Amino acid sequence: MDQAMIEKITEIVVSKLNDQPEEKTSSQEGVKVWDYNSEKPNVTQVSNGSRQAEEAEGKAKISTFHTPEKQIDNKETKAPKQQPDKEVWDDLKQLTNKTPARIGVGRAGPRPKTNTWLQFRYDHAAAVDAVFGKVDESLLEDLDLFTVKTKVTDKESYIRRPDYGRRLSDEAKKEIEGRCRHAPQVQIIVSDGLSSKAIDENLEDVYLSLQQSLKSLGLDVGTPFFIEKGRVAIMDDVGEMLKPEVIVLLVGERPGLVSAESMSAYLCYKPRLDTIESDRMVVSNIHRGGIPPVEAGAYLGSVIEKILDYEASGVELVKKEG
Amino acid sequence: MDHNKKEEILSAGIDIGTSTTKLVISKFSLMNTAGGTHMPRIEIIDKEVIHKSPIFRTPLASGNEIDMPEVEKLVLSQYEEAGVQSSDIKTGAVIITGETATKSNAEEMINHLSAHAGDFLVATAGPDLESIIAARGSGAYDYSKKTNKTIANIDIGGGTANIAVYRYGELLGTCTLHIGGKLIEMKAGMIDYIAPSVKKMAKQLGAPVQEGDRFEEATVKPLTDYMAGTIAAMLKNQLNESEPLLLGHQPGWEYPIDVMMFSGGVSECIYHEANCEATDMYDDIGVLLAKSLTEHPDLANWEWIEPTETVRATVLGAGTQTTEISGATIQVDEDTLPLRNLPVYRIPFDGGFDEQLVRLPQLIEEAVEIYDPAKEGQNFALYLADLPLLGFKQMQSLADTLVTAVRKKPKQQPAVIVLERDLAKSLGQAIRIQHPDQQAVCIDQIYVEHGDYLDIGKVLQSGVVPVVIKTLTFH
């Protein structure tokens, strides 16, 4: 599902929620019966008694985005709760097992069931949180990564001005100059990109496993650091300054409704300001439901080794391999 | 492996059955099927049979022995005809089936062939495995993956009938019966041989059939009719434990069977009657048995479909369906391969990672007790099942615990670790860093069960290893 569709659906949901109180209900325990067959849907209120409830204060409101991180494993809650009879269920399961898409979830009238609906809202909210959240600083401290910024000042401009996310701020350049080793074989950089959650969830395992892999290959690794609000091409700016042979950028992917915590590793041989996109390569979909993070780290080591062997990356590498 | 690049390997299948021996050579194409942004996933994308041998009579030296030099000569002559060398054969299986598996030199035979007829040719035997391989070769397995029907493949050869039931590509069960063409043999119109199981059955039926009698359809047909009825009862899960034709365990599939297909020598006479008109070709009851099966009213209750292979189902299964490919990101010490006949010791992690990690040394000690009680150095594969998603630190402690425990074994051996989840490279890497002197074979994306046997071939160009899983060998 693409972003536009999500936005459209959200819009419809919000307008529905806003509309509701106008059909004033006098009893909270009443049940609304919708007549879907007539052209103009019409609602009958079935009251279940005389008890008058107080009018609800306010209405359901979409909160502002900074909700605290929840300790809910939404993969677990996705398991279907009701099981129809075995035979039918088995057949359906064969199909649903093939995709994380929301198929075979049933319906109530023309709407999704409440659980499906809530799950959808939850996943959507998680995606939004991932974009607007911040990476846990203690994680960066643990991994010994110092933080620098791009030319972006706030999230709004990060989204509106992708070009700002591709260049380091002047302070950042100074700090990198002062703290990083020049011209290593491999430079690791990390950025939150469009999902801070992806970094929180996967960085430790990918990063440590990658370091271990590079060590066992005997490669020389530069001083790694974290770039706040960066985009993929930020590696060009870093490459221009530090002149490493290979840069690997671990960055949060644009979140979706299947996973809001997916991370990518972008790799490039000698990225400089004149690097073209076809020279970049990526290992994407690194998260608990995709490529296992530790395995991704180990695999990245062998990709870097290959890039160094062929002195090329991306399409150029494919050409050289023949 | 590089994108869009194909690797081709040769695979051989050899089936030494009760009455016939055959061989196929096929060419597998391996390719990375994952998208450019994913970790590689090497799969067999094409299997092409490049040589099918004629159907030979199985060379027997005496009633109780297989003529080993003759079988080997036969195999090598077929290689020559196909223009391949033994050393070109990178994977495949030799299977010894039916009554032949009970011959006194069966095990020696099959091990000899597996060592001499290819780089990595796996020795297989056992009625369950025979059923599975036949169902894969006949097309029953593929059919079950394409439809939502439960299918039984009934492979009837000279000595045994091997049944395997599949649903959605999943094996629901197997069963083996003493039903086959060569259980009664004729010579010059006289009954020359009756297998002990059939004698017992004839006695129960009160059928007056004896060796030395003149062969008459009227007297023998009741016996083959009974065999057909037994197959019907077996399909319905209604077989008695005392059934004289039952070999091994009772059937026990939990779904009713929708469709069935026959493979094996006798099936040729079911689907292609014309090929079988010469009753005396094998001088046995194969033709009569086929007739009984076609006519039996109980068997008409199921939908019959034709297999893609009849008489060559098992050999095709052995040659094209036994090889699996490991995950592409693995870590192996190449000089330890190939490894043959490793029993699988399953260590489940569903009870919690930390708890099981503590128990690991003890479990490995138990495995040594089971598989190497005489401390002769029989290695085994540790299958870590239901592993949760491990983080880096957990992976380090798992690697350390494993190596420490494996080193307590009486003989120093490569640690063979098989995983379901795609984690082998990181585990292998952790072992290599922590214990550089420990040889290890870490492979993943292989699904095995406790008690299975495993053969692991040499690393292919694509960086994967061929793996053959055997549910049971000699028993």
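**Figure 1. Accessible surface of chain B in the predicted model.** Chain B exposes about 18,900 Å² (Shrake-Rupley method, 1.4 Å probe), and carbon and sulfur atoms supply 47% of this area. Of the 475 residues in chain B, 59% are buried, that is, under 20% relative accessible area with a 1.4 Å probe, protein chains only. The model is predicted: local features need pLDDT of at least 70, side-chain atom pairs count only at pLDDT 80 or more, and totals for chains, interfaces and linings use all residues. Residues are numbered from 1 along each chain as its sequence is written, chains are lettered from A in the order in which they are written, and side-chain values use heavy atoms, without hydrogens and water.

**Figure 2. The interface of chain A and chain B.** Chain A contributes 29 residues and chain B 30 residues to the contact (heavy atoms within 4.5 Å). About 2,500 Å² is buried between the two chains (accessible area, 1.4 Å probe, lost on being put together and summed over both). Carbon and sulfur atoms give 55% of that buried area. Gln212(A), Glu295(A) and Tyr299(A) supply 25% of the area that chain A buries against chain B, more than any other three residues.

**Figure 3. The salt bridge between the chains.** One salt bridge is counted between chain A and chain B (side-chain nitrogen of Lys or Arg within 4 Å of a carboxyl oxygen of Asp or Glu). Lys393(B) and Glu204(A) form a salt bridge through their side chains, at 3.1 Å from N to O.

Note on methods. Buried means under 20% relative accessible area, exposed over 50%, partly exposed in between (1.4 Å probe, protein chains only).
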